[in-house]
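Please take a look at the model below.

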Amino acid sequence: MGVTSSLRRNNKSFLRIFMVLVLSCIPDSLDLEGYISFNDVHNASKDFGNRYQLPPLAVLHPRSVSDISTMVRHIVHLGSTSNLTVAARGHGHSLQGQALAHQGVVINMESLRSLDIKIHKGKQPYVDVSGGESWINILRETLKYGLSPKSWTDYLHLTVGGTLSNAGISGQAFKYGPQINNVYQLEIVTGKGEVMTCSEKQNSELFHSVLGGLGQFGIITRARIALGPAPHMVKWIRVLYSDFSVFSRDQEHLITKKNGFDYVEGFVTVNRTDLLDNWRSSFSPNDSTGASQFKSEGKTLYCLEVVKYYNLEEANSMHQEVEQLLSELSYIQSTLFSSEVPYIEFLDRVHIAEIKLRAKGLWEVPHPWLNLLIPKSSIFEFATEVFNNILTSNNNGPILIYPVNQSKWNKHTSLITPDEDIFYLVAFLPSAVPNPNSGTNNLEYLLRQNQKVLNFCAEANINVKQYLPHYETQREWRSHFGNRWETFAKRKHVYDPLAILAPGHRIFQKAT
Ligand code: FAD
């Protein structure tokens, strides 16, 4: 008893000393408009991937850009006497701890959202938003003016700073490039605490570094995003293929066509039986009898998903254009399904799935996702091996596959892509749900499957690049960047010389 209470006393005094040390590293006397929290750090310890728990020492809830700059300058001032690092956190939808700062400071960028969303109409319309703003709010606001950003992600409850640090890719990227291509200007707090404005013309090296820069060079506090006219409605179409080469030929045809569809994606289904029945809840078959006779059992099938935007008064001409475009494709005729929905409903589609999964407690589970960029020259070999031999089903989550046309992409950003004009995004998006009847949904099994895919790419010498990349060692990062590593490292030295920013990527180590 005596020993236990003395231990408890010792623990308490240890905790007190520890807190004094922490507070001296991050004094609450810092001149801030927002506040620092030392207790409420649970949310900032994890992310959507749900595989890492790395608590920070503190979370900053900034009310102004100057709060962020003050915090970064304070940590810079401590220099190598402290091992504090800083991670900006959007909505924490990262997969492997990229938005975490173990024993460091996480900046909750959502607190900055209080900055107004400012829309500028005119010849080249744009919107000024905070780096912590979510894309769904931007869409809702711009739609009031009949405007909309041009390039999207499939899910809109992500933040501007989070997607611009990666790329922001969806079915519009073949036409407009990724989201990082559709930014006119940024305001950045660098790793030295300086507040800088940058664009293609002003501080262009910082601008290009930050776009796709994995949060390594600065914190995006404001972004000026290009807008275009927003359509009222979309015609949303799905068709199936059983032959990969026919499917990919049609996808490639569509992304190189002028005046084609406005969105081109696709997905793979392996060993599914109920596919077309599932579609019927939101899509209508063109040929009901043919569709009801179609059997998908066991086969690997490829679904092309396309969308045409239109305004209500253009419905007739839209139908004719769609008929013409579909007549150029070689899908299985009985599998044509379509629907017409408001533009915002289409863009916010994944949120509907989120609500359903949350209700079943299936949203906050581990997500061992793997996103790959595969050059066109290797996609057939990749698909043949991965979809027919490595994967036995995709009952645990979707597999997306669609090509993009790199000629529309800005080559000066930090994003690394395969060195071919056309490459495919292949996204394996499983949820690891413990299931007593099947070993195929468990985390270890899914991670092994990802590793098999990566091993195959290495053995077949496929020049694959990871999107939303994750590596454990600097050697692997060097290999990811290839001949662009030197530039990346040099820019890091210029904008964040102490390597305090975005430690969760494990690219650079803070010197202590
Ligand atoms: P976080 O996860 O919070 O942060 C991501 C990285 O950016 C971290 O390194 C963080 O430190 C850094 N960061 C965050 N904010 C800032 C800032 N203001 N300044 C500088 N650095 C910052 N991606 C696509 O491209 N296309 C998709 O279709 C797509 N669909 C998705 C669907 C779902 C359901 C989910 C969960 C993710 C999807 N993503 C997609 C991935 C998404 O782009 C990444 O998760 C991205 O990290 C954005 O999430 P976030 O805003 O929560 O950022």
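## The S8–S9 hairpin

The hairpin of S8 and S9 has 4 residues between its strands, and Gly 193 there takes a positive phi near 90°. Strands here are DSSP runs of E with at least two residues; helices are runs of H or I with at least four, and both are numbered from the N terminus. Two strands count as paired if DSSP finds at least two bridges between them. Strand S8 (residues 183-190) and strand S9 (residues 195-199) run antiparallel, joined by 5 bridges. Val 189 stands opposite Val 195 in S9. Gln 185 stands opposite Ser 199, also in S9.

S8 is joined to S10 as well, by 7 bridges, and the two run antiparallel. Which residue of S10 stands opposite Gln 185? That residue is Arg 224.

## Model and confidence

This is a predicted model: local features need pLDDT of at least 70, side-chain atom pairs count only at pLDDT 80 or more, and totals for chains, interfaces and linings use all residues. Residues are numbered from 1 along each chain as its sequence is written.

A contact means two C-beta atoms, placed from the backbone, within 7 Å. Where pLDDT is low, the predicted coordinates should not be read in detail. The model scores ipTM 0.99 and pTM 0.94.

## The ligand shell

How many residues surround the ligand? The shell holds 36 residues, and the closest are Gly 90, Asp 154, Gly 161, Gly 162 and Gly 215.

By type, the shell divides into 15 nonpolar, 18 polar and 3 charged residues. Nonpolar covers Ala, Val, Leu, Ile, Met, Phe, Trp, Tyr, Cys and Pro; charged covers Asp, Glu, Lys and Arg; the others, Gly among them, are polar.

## The four-stranded sheet

An open sheet of 4 strands has the order S1-S2-S4-S3, with mixed pairing. Its edge strands are S1 (35-37) and S3 (86-89), each pairing on one side only. The twist averages 25° from one strand to the next. Strand S2 (residues 58-61) runs antiparallel to S1, with 3 bridges between them. Ser 37 has Val 59 in S2 as its bridge partner.

## The nine-stranded sheet

Another open sheet has 9 strands in the order S13-S15-S11-S14-S12-S17-S18-S16-S19, and its pairing is antiparallel. S13 (284-285) and S19 (465-467) stand at the edges with a single partner strand each, so one side of each has no neighbour in the sheet.

Strand S12 (residues 263-270) and strand S14 (residues 300-310) run antiparallel and share 8 bridges. Val 270 has Thr 300 in S14 as its bridge partner. Helix H10 (residues 315-327) lies across strand S11 (233-241) and S14, at about 150° to S14. Such angles run from 0 to 180 degrees between N-to-C directions, with axes fitted to C-alpha atoms, for helices over the stretch in contact.

## Helix H14

Helix H14 (residues 443-459) has 17 residues. From first C-alpha to last, H14 reaches 24 Å, close to the 24 Å expected at 1.5 Å a residue. The expected span is 1.5 Å times one less than the number of residues. Asn 461 follows H14 and has a positive phi, near 55°.

Technical notes. Near = placed C-beta within 6 Å.
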